[in-house]
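Please read the points below alongside the coordinates. They are set out as a colleague's note, and each can be checked on its own.

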Amino acid sequence: MLSGKEVATHNTRKSCWIIVHGNVYDVTDFLDEHPGGSKIILKYAGKDATQEYDPIHPPDAITTNLPPEKHLGPVEPNTAQKVEITITDEEKGRQERMSRRPVLDEILNLHDFEAIAKQVMTEKAWAYYSSAADDEITTRENHAAYHRIWFRPRILIDVTKVDWSTTILGHRSSMPLYITATALGKLGHPDGEINLTKAAAKHGVIQMIPTLASCSFDQIVDAAQPGQVQFLQLYVNKDRNITKRIVQHAEKRGIKGLFITVDAPQLGRREKDMRMKFTAEDPSEVAKSGSDGVDRSQGAARAISSFIDPGLQWSDLDWFKSITKMPLILKGVQRWEDALKAYDLGLAGVVLSNHGGRQLDFARSGIEVLVEVVAKLKEKRGLTFPNEKFQLFVDGGVRRATDVIKAIALGATAVGVGRPFLYAFSSYGVEGVDRALSILHDEFEMNMRLLGANTIKDITPDMVDVSNISAHVAAIPGDRLYDSNYESMQHARLRELRSKM
């Protein structure tokens, strides 16, 4: 074992050791490769970095990225120096707000979780979760688009019994939705994505595990109940051997579907996130640390995504077919021509998505693209939807069961819901996600009765009016709950003047 005293002597750029989970690592040669820059590592040089490391890294990140000879062994218990964590006035205020949260019974809809999360999350976490690309037009349009679709309910239908369960890629789900992949769960709660795993098991819905989870893939799979269905969202690594290992390990662990993200050759400019990162560090301090080659204004999203391959192309799909038997779904399709190509190549389906408005601003909403895809694939290939052989999914902007029902009526198999579940566990842990799913169950039951539909198969295109779906300047009813949660973007501001007295 190494003593904490010895580790503490390696606290410079020339020799930098850190402690994570009781083990010592030599990260000297990794400083300039660290996606988040070297300054944060040097802050913990010679000390225990576990508290800073855990929220934004899977537990195995350091062992995976450092060669074995840099794993120096365990440190003697209780000898390591720790960075003293000072509880700031801001953090004291946040903890006070946490103590004043309403009881869960007072949370009536998914908007409520967002309203509470906005007040009780750290500023860094809120900026990462809530931010979207450029002027955030698309993220707002994702939600607004559902307001341009109106119902045409049937009457005098016996709706004593209604059933909103379905199948997704052949697997049962209690609702026509799944928990879609969202990164860095531990920014919002210490248990991260495992909050979602537990709640998904209780409610019989499917969780999509993200590549960039805070918890390790195996931790999330191990937390699942026997027989619980999980999918995997994949960012394709420039190193195809790493991608192959991830995919084949996922299949071996029982993952039932591989959702390959295709809308992120480069991550979008999420300015709320970037502004938070920029103001968090003094550029002069960055220069002193020697990491002047690192762009510190890019935010958490850019810092964790440098491995993504911008060279991914259609011809790579044959390679994916050769390494796995899992159903392949393209996540991030935004036009009918690409959906048609995916069908012709024999894929299992596509997710019509713009990455929650976090990539190309002014990309259309998934629900609008759905209308186009259904019409064109019927015209070109005679397909009708929903279709077991080629399934259409939508995500982005969903806050109510009525949003999901509209997508189902238009031909979607299921809808992905992401941010609302992040806000639920960030404010209330696993009980929050449990409550969110219960709310959605209640909304499905009521709205299917009011619509005159006994089962998901009874929700048909004639039950919705989509005549205004492409009218981006159409007058729609304002959603006061959504609008009150939306935080306007900010301009750059003058720095505060600090007195030298």
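1. Ile323 counts as buried in this predicted model, because its relative accessibility is 8%, a value that falls under the 20% limit used for that class. The residue belongs to helix α15, which spans residues 316–323.

2. The buried residues are Ala125, Trp126, Ala127, Tyr128, Tyr129 and Ser130. Glu123, by contrast, belongs to a patch of negative charge on the surface, where it gathers with Asp89, Glu90 and Glu487. Glu487 itself is found in the segment that follows α21 (480–485), and this residue is partly exposed, with a relative accessible area of 32%.

3. Turning to charge pairs, the structure contains 21 salt bridges. One of them joins Asp29 to Lys70, with 3.1 Å between the closest N and O atoms. This pair links distant parts of the chain, since Asp29 sits in the loop between β2 (23–26) and α2 (39–43) while Lys70 sits in the loop between α4 (61–65) and β4 (71–74), 41 residues apart. The two partners fall into separate accessibility classes: Asp29 counts as exposed at 53%, whereas Lys70 is buried, with a relative accessible area of 18%.

4. A further salt bridge brings together the side chains of Arg253 and Asp218, at an N to O distance of 2.7 Å. Arg253 is placed in the loop between α11 (240–252) and β12 (258–261) and Asp218 in helix α10 (residues 217–222), so the contact ties together parts of the chain that are 35 residues apart in sequence. Both ends are partly exposed, Arg253 at 30% relative accessibility and Asp218 at 29%.

5. Which residues are linked with Glu368 in a network of salt bridges? The network takes in Glu141, Arg148, Arg364 and Glu372 together with Glu368. Within this group, the side chains of Glu368 and Arg364 meet at 3.9 Å, N to O, a distance that qualifies because the limit for a salt bridge is within 4 Å. I would note this pair with some care when contacts are listed. Glu368 is buried, with a relative accessible area of 4%, while Arg364 is partly exposed, with a value of 26%.

6. Strand β1 (residues 17–20) runs antiparallel to β2, and four bridges join the two strands. Val20 stands opposite Asn23 of β2. The two strands form a hairpin with two residues between them, and His21, which lies in the turn, has a positive phi of about 50°.

7. On which strand is the bridge partner of Tyr25 found? The partner is His71, in β4. Strands β2 and β4 also run antiparallel, and three bridges join them. Strand β2 therefore pairs with β1 through four bridges and with β4 through three, as at least two bridges are needed for a pair.

Methods:
Residues are numbered from 1 along each chain as its sequence is written. This is a predicted model: local features need pLDDT of at least 70, side-chain atom pairs count only at pLDDT 80 or more; totals for chains, interfaces and linings use all residues. Side-chain values use heavy atoms; hydrogens and water are left out. Patches are made of residues with over 30% relative accessible area and no salt bridge: like charges are joined within 9 Å, nonpolar side chains (Val, Leu, Ile, Met, Phe, Trp, Tyr) within 5 Å. Accessible areas come from the Shrake-Rupley method with a 1.4 Å probe; for residues, only the protein chains shown count as cover. Lys and Arg count as positive and Asp and Glu as negative; His and the chain ends are not counted. The place of a charge is taken as NZ of Lys, CZ of Arg, CG of Asp or CD of Glu. Buried means under 20% relative accessible area, exposed over 50%, partly exposed in between (1.4 Å probe, protein chains only).
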